[in-house]
Amino acid sequence: MIYSTMAQMGRYLDIHPGVKRILKEAARYSPQDEFGKKVPLDGDDLYMNLAEYDTHEKVDGLMEAHRQYADVMCMIEGEEAIYVKPTALLHHITQAYDESKDALLAEIEDGCCEIRLHPGEFVILFPEDAHAPGCRTNGPCHVKKIIGKVRI
């Protein structure tokens, strides 16, 4: 997992060509852009979901973990908590890994790291990083966020 600011993204551009492309594309977006759509960059290997939603209570969330993709989440507007825990340390799995959805689901457990994602910040979550995004911090919040999907 990497957590940083868009101002510091240059440090992370050489991690993977897909991560570089997502971060550079995400830097072009503002809250005035249209959200609620998918933007293909290289077929199923690289794309962005321009997400818009209201945050939810932590108790209503689930951890998710992927095997095929890394997630690059860039906050454009709003604030949310993302709970992160190593996938190998999950104990309360609610849905085994489903290859067609590239997701394993689990309860949000004790021992998670809480990241508060604000505008201008990003997090890169690798397959070993189970995560529960979209959770409230100080009450409900409307969020506009880019979720880049990078096939690993």
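In what order do the elements of the chain run from the N terminus on? They run β-α-β-β-β-β-β-β-β-β-β-β-β.

The model is predicted: local features need pLDDT of at least 70, side-chain atom pairs count only at pLDDT 80 or more, and totals for chains, interfaces and linings use all residues. Residues are numbered from 1 along each chain as its sequence is written, and side-chain values use heavy atoms, with hydrogens and water left out.

**Stop 1: the whole chain**

Show the chain as a cartoon. The secondary structure comes to one helix and 12 strands; helices (H or I, at least four residues) and strands (E, at least two) are DSSP runs, numbered from the N terminus. Along its principal axes, the C-alpha trace spans about 40 × 35 × 30 Å. The radius of gyration of the chain is 15 Å, which agrees with the value near 15 Å for a compact globule of 152 residues. That radius is taken over C-alpha atoms, and the globule rule is 2.2 Å times the number of residues to the power 0.38.

Now switch to a surface. The chain exposes about 7,600 Å², and carbon and sulfur atoms supply 48% of it. Such areas come from the Shrake-Rupley method with a 1.4 Å probe; for residues, only the protein chains shown count as cover. Of the 152 residues, 49% count as buried, where buried means under 20% relative accessible area, exposed over 50%, and partly exposed in between (1.4 Å probe, protein chains only).

Contact here means heavy atoms within 4.5 Å. Among contacts with a separation of 6 or more, residues 24 or more positions apart account for 79%.

**Stop 2: the helix**

Select residues 17–26, which form helix α1, and find E25 in it. E25 counts as buried because its relative accessible area is 18%. Leaving aside neighbours within four places in sequence, E25 is in contact with L41 and M48.

**Stop 3: the largest pocket**

Select N49, Y53, H56, E64, H66, D71, M73, P133, G134, K145, I147 and K149, which line the largest pocket. The elements giving two or more residues to this lining are β3 (46–54), β5 (69–77), β11 (129–135) and β12 (142–151). β12 gives the most, with three residues.

The pocket has a volume of about 180 Å³. On a 1 Å grid over the protein atoms alone, a cavity is a set of points where a 1.4 Å probe fits but cannot get out, and a pocket is an open set with protein on both sides within 12 Å along at least five of seven lines; lining residues have an atom within 4 Å of a point. Grid points are joined across faces, edges and corners, and a volume is the space filled by probe spheres set on the points.

Colour the lining by class to see four nonpolar, four polar and four charged residues. Ala, Val, Leu, Ile, Met, Phe, Trp, Tyr, Cys and Pro count as nonpolar, Asp, Glu, Lys and Arg as charged, and the others, Gly among them, as polar.

**Stop 4: K149 and H66**

Keep two of the lining residues, K149 and H66, on screen. K149 is in strand β12 and counts as buried, at 10% relative accessibility. Not counting residues up to four places away in sequence, K149 touches I22, D45, L46, Y47, N49, H66, Y69, A70 and D71.

H66 lies in the loop between β4 (63–65) and β5. H66 is buried as well, since its relative accessible area is 8%. With the residues up to four places away in sequence not counted, H66 touches D71, D102, A103, P127, H131 and K149. H66 and E128 are 62 residues apart along the chain, and their C-alpha atoms are separated by 7.7 Å.

**Stop 5**

Select Y69 in strand β5. Y69 is buried, with a relative accessible area of 8%.

Move to D102, in the loop between β7 (93–98) and β8 (103–106). Most residues other than glycine have a negative phi. Phi of D102, however, is near 45°, a positive value. D102 is buried, at a relative accessible area of 5%.

**Stop 6: V59**

Is V59 buried or exposed? V59 is exposed, with a relative accessible area of 75%. Look for V59 in the loop between β3 and β4. The C-alpha atoms of V59 and Y83, 24 residues apart along the chain, are separated by 12 Å.
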